Amino acid sequence: MKLAIGTGGLDSDFSEKYWQIFLHAIENQNYIHTALNYSNVDQYFKKASLENIKISKTIIKIEINRNPIKKILNIPRQINLILDQFKIDKIDTLQICNNPDAGDINMFFLKNILNKFKKKGLVNNFFLECFDPFSENLNKLIKDDFFEGYIFKLNCLQRSASKFFFENIINSKKKIISISPLAGGNFNQIMNNFDIDLKNDLDEIMKKNNIEDYYSLNIAFLKTKKNIEHGIFGTKNMDRLLKLKSDLVNIKPLKNEDFQRVLVLQDKYKSTINF
């Protein structure tokens, strides 16, 4: 699994420290994840443009309308606005939100619109955003080569996809981009204030796999399956960024049986995990 950086929660004032993280991602071909409604992101893209620094690895969200006519208007408007607002030549990966209907008629309209931008070289890849209730619909597209894969919240506590759908993804050629791979960085606090049985189960998995902490457990979990290609990390500290990159290389994956145990635990506790 490779590192991508998030751009949520940035301060209004330009941060030289965050610029160094942003620049590091560009120079090292790490994905930058953002959206039109993320505050205070433009200034970093504009600075890169003013300094003639080409940004080639982006994951950017767009919203999809249910109404076919609105799709025809809103999707091109959003893509063109992204290119203009972020001063980039193309979008590597579009994160398609709002659970587009997998039916033939809707897919005909959606693919037709998106394919025009792909043929022009303005967009490379399409990933579908998933939440648990979307699983049944999005599972219908598991063999559709138009979409590279799925993007959703995934860590040892959270999996925004049903177990059936998730296992279908793992057994397919589809790729996964993990949002919140470290549960928002609050894992220790959650474990100390949640169900003791869950903590004991995860501690047992850690001991069996020679893992020292929950941070490393999440990385080991995500590294177990090759489909999980990228994790979007929200760090704004360069030392932490470099440690993450090192750990993504050096931490060993979980044993497969323990990966499966985590999936069972996710389903067992998902109705009570809300953070």
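Modeller: The largest cavity is lined by Ala25, Ile26, Gln29, Asn30, Ile32, Lys54, Ile55, Ser56 and Lys57. This is a predicted model, in which local features need pLDDT of at least 70 and side-chain atom pairs count only at pLDDT 80 or more, while totals for chains, interfaces and linings use all residues. Residues are numbered from 1 along each chain as its sequence is written, and side-chain values use heavy atoms, with hydrogens and water left out.

A cavity is a set of points, on a 1 Å grid over the protein atoms alone, where a 1.4 Å probe fits but cannot get out; lining residues have an atom within 4 Å of a point. Searching the whole structure gives one cavity of 30 Å³ or more. Its volume is about 30 Å³, taken as the space filled by probe spheres set on points joined across faces, edges and corners. Four lining residues are nonpolar, three are polar and two are charged. Here Ala, Val, Leu, Ile, Met, Phe, Trp, Tyr, Cys and Pro count as nonpolar, Asp, Glu, Lys and Arg as charged, and the others, Gly among them, as polar.

Next, the open spaces. A pocket is an open set of grid points with protein on both sides within 12 Å along at least five of seven lines. The largest pocket has a volume of about 410 Å³. It is lined by 24 residues; nearest its centre lie Ile179, Ser180, Ile232, Phe233 and Gly234. Strand S6 (149-153), strand S8 (228-233) and helix H10 (238-250) each give two or more residues to this lining. Helices (H or I, at least four residues) and strands (E, at least two) are DSSP runs, numbered from the N terminus. The lining of the largest pocket holds 10 nonpolar, 10 polar and four charged residues.

The second largest pocket has a volume of about 260 Å³. Its lining has 16 residues, and Lys2, Tyr31, Lys57, Glu229 and His230 are the closest to its centre. Lys57 was named above as part of the cavity lining. Two or more residues come from each of strand S1 (2-6), strand S5 (123-129), strand S7 (175-179) and S8. S8 contributes to the largest pocket too. By class, the second largest pocket is lined by five nonpolar, six polar and five charged residues.

Now the rings. The structure holds 18 aromatic pairs. One of them joins Tyr18 and Phe22: a tilted pair, 6.4 Å centre to centre, with 50 degrees between the planes. Rings of Phe, Tyr and Trp (its six-membered ring) pair if their centres lie within 6.5 Å; planes under 30 degrees apart are stacked, over 60 edge-to-face, the rest tilted. Both residues lie in helix H1 (residues 16-27), four residues apart, about one turn of the helix. Tyr18 has a relative accessible area of 2%, so it is buried. Phe22 is buried because its relative accessibility is 0%. Buried means under 20% relative accessible area, exposed over 50%, and partly exposed in between (1.4 Å probe, protein chains only).

A second pair is edge-to-face: Phe194 and Tyr269, 6.0 Å centre to centre, 65 degrees between the planes. This pair links distant parts of the chain, 75 residues apart. Phe194 is in the loop between helix H7 (187-192) and helix H8 (196-208), and Tyr269 is in helix H11 (residues 256-269). Phe194 is partly exposed at 29%. Tyr269 is buried at 6%.

Tyr18 and Phe22 also belong to a cluster linked by ring pairs, together with Phe14, Trp19, Tyr44, Phe45 and Phe86. The criterion is NZ of Lys or CZ of Arg within 6 Å of the ring centre and within 35 degrees of the ring normal. The charged end of Lys225 sits over the ring of Phe259, 5.3 Å from its centre.

Finally, the backbone. Most residues other than glycine have a negative phi. Asn98 is not a glycine, yet its phi is positive, about 80 degrees. It is in the loop between strand S4 (91-96) and helix H4 (104-119), and is partly exposed at 34%. Ala183 also has a positive phi, about 55 degrees. Its place is the loop between S7 and H7. Ala183 is buried, at 2% relative accessibility.
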